[in-house]
Amino acid sequence: MSFKTHPPTSEHIVLAHPDPRILVVRIAREKQLNALSPKLQQELSAVFDWFEDEVTARLGGIPALYRSSPTLIPYLLAGLPIPQPLLSTHIFSSTVPTAADVLPEALKWAHALLQVSPDAVQVTKEQLQLSKAGLGDREVVTQSATGAAQQALYDGDNFKEGLKAFQEKREPKWVDPKGVRDSKL
């Protein structure tokens, strides 16, 4: 895979590209049980920002958890396994039985996201970012509806392509969105 720039480097981050539009980021801090230090959080942010800025990129990894349920906080702080009933009723979209199943499951989700309009993904990322900033649901919807990403969604080539593909009963051929890159997660 060739990118226009080289990714940021870190001794604790390993990158892989199983598909030109997918970036797999692995944390390699085994002695620290892969705990996130402030420095590592900055390095991860730099990697995700780099990938999002790449012209060939549409999607960069799976975003970090933004809000967690108070019920999960003791487990997260103590580094304890989260009980199965909590896994299925809280912030996790899917669980896997073994560690070997993690990457295939993550790639399944990444490929699923690549099937939808990248402009729609940008709008969703913008809404997640606004929620992360602490805005309430009404404010998120209001700001997102009038934002650059939403306007690009309706004015962009992918909106027209989606309608045309639907009309012609074929799979859409998405293109990278133009100019909207301020929804970094």
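What percentage of the contacts in the protein chain with a separation of 6 or more is accounted for by residues 24 or more positions apart? Such residues account for 54% of these contacts, where contact means heavy atoms within 4.5 Å.

**Figure 1. Overview of the predicted protein chain.** This is a predicted model, in which local features need pLDDT of at least 70 and side-chain atom pairs count only at pLDDT 80 or more, while totals for chains, interfaces and linings use all residues. Residues are numbered from 1 along each chain as its sequence is written, and side-chain values use heavy atoms, with hydrogens and water left out. The secondary structure comprises eight helices and two strands; helices (H or I, at least four residues) and strands (E, at least two) are DSSP runs, numbered from the N terminus. The order of the elements from the N terminus is β-β-α-α-α-α-α-α-α-α. Of the 185 residues in the chain, 29% are buried. Here buried means under 20% relative accessible area, exposed over 50%, and partly exposed in between, for a 1.4 Å probe and protein chains only.

**Figure 2. The aromatic pairs of the structure.** Rings of Phe, Tyr and Trp (its six-membered ring) pair if their centres lie within 6.5 Å; planes under 30 degrees apart count as stacked, over 60 as edge-to-face and the rest as tilted. The ring centres of W50 and F51 are 5.9 Å apart and the ring planes stand at 45°, so this pair is tilted. W50 is buried, at 8% relative accessible area, and F51 is buried as well, at 0%. For Y154 and F159, the ring centres are 5.2 Å apart and the planes stand at 75°, so this pair is edge-to-face. Y154 is partly exposed, with a relative accessible area of 44%, and F159 is partly exposed at 33%.

**Figure 3. The crossing of helices α5 and α6.** Two packed helices are described by the angle between their axes and the distance between the axes. Helix α5 spans residues 118-132 and helix α6 spans residues 137-145; their axes come within 9 Å and cross at roughly 140°. Axes are lines fitted to C-alpha atoms, for helices over the stretch in contact, and angles run from 0 to 180 degrees between N-to-C directions. The two helices are therefore oblique to each other; angles under 35 degrees count as roughly parallel, over 145 as roughly antiparallel, 65 to 115 as roughly perpendicular and the rest as oblique. The crossing of α5 with α6 is right-handed, a crossing being left-handed if the near helix is turned anticlockwise from the far one by less than a right angle, and right-handed if clockwise. On the α5 side, V123, E126, Q127, L130 and S131 meet V140, Q143 and S144 of α6. The residues of this contact comprise three nonpolar, four polar and one charged. In this count Ala, Val, Leu, Ile, Met, Phe, Trp, Tyr, Cys and Pro are nonpolar, Asp, Glu, Lys and Arg are charged, and the others, Gly among them, are polar.

**Figure 4. Residue S144 in helix α6.** S144 is buried, with a relative accessible area of 1%. Leaving aside neighbours within four places in sequence, S144 is in contact with V123, E126, Q127, L130 and Q150.

**Figure 5. The packing of helices α5 and α7.** Helix α7 covers residues 148-155 and packs with α5 at an angle of about 165°, with the axes 9 Å apart. The helices α5 and α7 are therefore roughly antiparallel to each other, and their crossing is left-handed. D119, A120, Q122, V123 and E126 in α5 meet A148, A149, Q150, A152 and L153 in α7. The residues of this contact divide into six nonpolar, two polar and two charged.

**Figure 6. Residue S117 in the loop between α4 and α5.** S117 is buried, at 11% relative accessibility. Apart from neighbours within four places in sequence, S117 is in contact with L153, N158 and W174.

**Figure 7. Residue N34 in the loop between β2 and α1.** This loop lies between β2 (22-27) and α1 (38-53). N34 is partly exposed, with a relative accessible area of 32%. Apart from neighbours within four places in sequence, N34 is in contact with I27, A28 and R29. The C-alpha atoms of N34 and H12 are separated by 8.8 Å, and the two residues are 22 residues apart along the chain.
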